[in-house]
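Hi everyone, thanks for coming along.

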Amino acid sequence: MKDLRQNHSSNAGYRAFLSPQKVVVFGLAFGISVLLSLTYTFSQPAIYQSSAKLLYSAAAGFDQATDPQQVQHFIIQQQVLLSQDLLEETLRRLEIARPGILMDVTQLRRMLILEPVPEAHLMEIRAEGEDAKLLPLLINTWIVGLTH
């Protein structure tokens with residue numbers, strides 16, 4: 001008899017915990033939260049990436065260089081790759097390849113990212129932006145500008 005009473009009293013507590021009013025309030029709060037978060041997520045613009053790896057040469061005796069020297073060499077390479085002259089040349093070539101591009105050097109510099117590849121004389125060059133068709137063309141034009 002005691003077992004039946006304990007079982008019955010726990011069922012009553014469970015029913016009170018899941019009262020219809022609580023279920024409705026929870027359902028509404030959950031539904032509104034899901035709707036707002038999905039609306040925010042899907043209203044964000046898509047960000048595309050295009051990348052390439054670039055092998056850069058080291059100075060004489062650099063193969064035995066220490067970590068600070070490698071960092072310094074990468075910084076020098078980064079300054080060369082993001083120089084005003086090279087970016088202006090890249091923009092000029094890009095406007096020839098795809099007329100109507102409205103971009104200046106500052107916007108171009110913000111789109112470009114350079115990162116070293118650990119334990120190698122490689123550098124990953126990456127462009128990020130909202131125009132998926134422009135980014136591969138930008139990376140290729142930038143690399144062509146390096147070789148000329």
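To start, what is the strand order in the open sheet, and is the pairing parallel or antiparallel? Keep in mind as you look that this is a predicted model. The order is 1-3-2, and the three strands pair in antiparallel fashion. Strand 1 (48-55) and strand 2 (112-117) are the edge strands; each has a single partner strand, so one side of each has no neighbour in the sheet. From one strand to the next, the twist averages 25°.

Now look at the pairing of strand 1 with strand 3, residues 122-129: eight bridges join this antiparallel pair. If you want one to find on screen, Leu54 has Met123 in strand 3 as its bridge partner. Then there's helix 6, residues 134-147, which lies across strand 1, strand 2 and strand 3 and runs at about 140° to strand 3.

Stepping back to the chain overall, we have six helices and three strands, and the pattern along the sequence is α-α-β-α-α-α-β-β-α. Of the 148 residues, 24% are buried. Taking contacts between residues at least 6 apart in sequence, 63% join residues at least 24 apart.

Last stop, the surface. The chain exposes about 10,800 Å², with carbon and sulfur atoms supplying 60% of it. There's a nonpolar patch here too, formed by Phe26, Phe30, Val34, Leu38 and Phe42, and together they have about 570 Å² of accessible area. Is Phe42 buried or exposed? Phe42, found in helix 2 (residues 20-43), has a relative accessible area of 68%, so Phe42 is exposed.

Methods: Residues are numbered from 1 along each chain as its sequence is written. This is a predicted model: local features need pLDDT of at least 70, side-chain atom pairs count only at pLDDT 80 or more; totals for chains, interfaces and linings use all residues. Side-chain values use heavy atoms; hydrogens and water are left out. Helices (H or I, at least four residues) and strands (E, at least two) are DSSP runs, numbered from the N terminus. Buried means under 20% relative accessible area, exposed over 50%, partly exposed in between (1.4 Å probe, protein chains only). Contact means heavy atoms within 4.5 Å. Accessible areas come from the Shrake-Rupley method with a 1.4 Å probe; for residues, only the protein chains shown count as cover. Patches are made of residues with over 30% relative accessible area and no salt bridge: like charges are joined within 9 Å, nonpolar side chains (Val, Leu, Ile, Met, Phe, Trp, Tyr) within 5 Å. A salt bridge is a side-chain nitrogen of Lys or Arg within 4 Å of a carboxyl oxygen of Asp or Glu. Two strands pair if DSSP finds at least two bridges between them. Axes are lines fitted to C-alpha atoms, for helices over the stretch in contact, and angles run from 0 to 180 degrees between N-to-C directions.
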